[in-house]
Amino acid sequence: MAAQIQYADVEVGTELPAASFPVTRATLVQYAGASGDFNPIHWNEKFAKEVGLPDVIAHGMFTMAEAIRVVTDWVGDPGAVVEYGVRFTRPVVVPNDDQGGLIEVTAKVAAKLDDNRVRVDLTATSAGQKVLGMSRAVVELA
């Protein structure tokens, strides 16, 4: 694969298509199985509340992975992401109902760098609160 977006076609301020990612308890169980992270805060409501959480929460790395999908979908090649980092600011709460939680992600080009690279700043929210801080990716464009 190769990046589908041309460096010359991108300007600072270019907005990437926003996306929303639903998260249910079933999603968390699937992720726990794939990642090996079976911490009970991600599946046991009683335990999560006993340790001070409002409910079961999504895995931080899952939240991070869902957010970067906005960038990889835009650029057309996951391998074009050469750097990615976030700070976990708030958990994504996942109630045990038919809807679960929702991660909403927006992103825009914040800087044009050397070597056909751009820095993309992402904003990820859930229930109206920012869940990732300093979420930034460096992407190599065509």
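1. Buried, in this note, means under 20% relative accessible area, exposed means over 50%, and partly exposed lies in between (1.4 Å probe, protein chains only). By that criterion the buried residues of α3 are F62, T63, M64, E66, A67, I68, V70, V71, T72, W74 and V75. Helices (H or I, at least four residues) and strands (E, at least two) are DSSP runs, numbered from the N terminus.

2. The model is predicted: local features need pLDDT of at least 70 and side-chain atom pairs count only at pLDDT 80 or more, whereas totals for chains, interfaces and linings use all residues. Residues are numbered from 1 along each chain as its sequence is written, and side-chain values use heavy atoms, with hydrogens and water left out.

3. Overall architecture. The protein chain contains three helices and five strands, arranged along the sequence as β-α-α-α-β-β-β-β. Its C-alpha trace spans about 50 × 30 × 25 Å along the principal axes. Of its 142 residues, 40% count as buried. Contact means heavy atoms within 4.5 Å; among contacts between residues at least 6 apart in sequence, 68% join residues at least 24 apart.

4. Annotation. UniProt, in an unreviewed entry, places the feature "domain: MaoC-like" at residues 15-114; such annotations may be inferred rather than shown by experiment. In the model, the end C-alpha atoms of residues 15-114 lie 20 Å apart, and the span is 33% helix and 29% strand.

5. Helix α3. This helix has 16 residues and reaches 23 Å from its first C-alpha to its last, close to the 22 Å expected at 1.5 Å a residue; the expected span is 1.5 Å times one less than the number of residues. A kink of about 30 degrees is centred on R69, the bend at a residue being the angle between axes fitted to the seven residues ending there and the seven starting there. The buried residues of α3 pack against β1, α1 (25-35), β2, β3, β4 and β5. G76, with a positive phi near 85 degrees, follows α3.

6. Nonpolar core. Such a core is a set of buried Ala, Val, Leu, Ile, Met, Phe, Trp, Tyr and Cys residues joined through side-chain atoms within 4.5 Å. The largest one has 36 residues, and W74, V120, V139 and L141 touch the most other members. The elements giving two or more residues to this core are β1 (15-23), α3 (60-75), β2 (81-88), β3 (101-112), β4 (117-126) and β5 (129-140). The largest share, eight residues, comes from α3. Leaving aside residues up to four places away in sequence, L141 touches A3, I5, Q6, Y7, V10, W74, V75, N116 and V118.

7. V92. This residue lies in the loop between β2 and β3 and counts as buried because its relative accessibility is 1%. Not counting residues up to four places away in sequence, V92 touches V56, I57, A58, T63, I103, S126 and V131. V92 and K130 are 38 residues apart in sequence and 9.4 Å apart in space, C-alpha to C-alpha.

8. The loop between β3 and β4. Most residues other than glycine have a negative phi. D115, found in this loop, has a positive phi near 60 degrees. N116, also placed in the loop between β3 and β4, has a positive phi of about 60 degrees although it is not a glycine. D115 is exposed, with a relative accessible area of 63%, whereas N116 is partly exposed at 33%.
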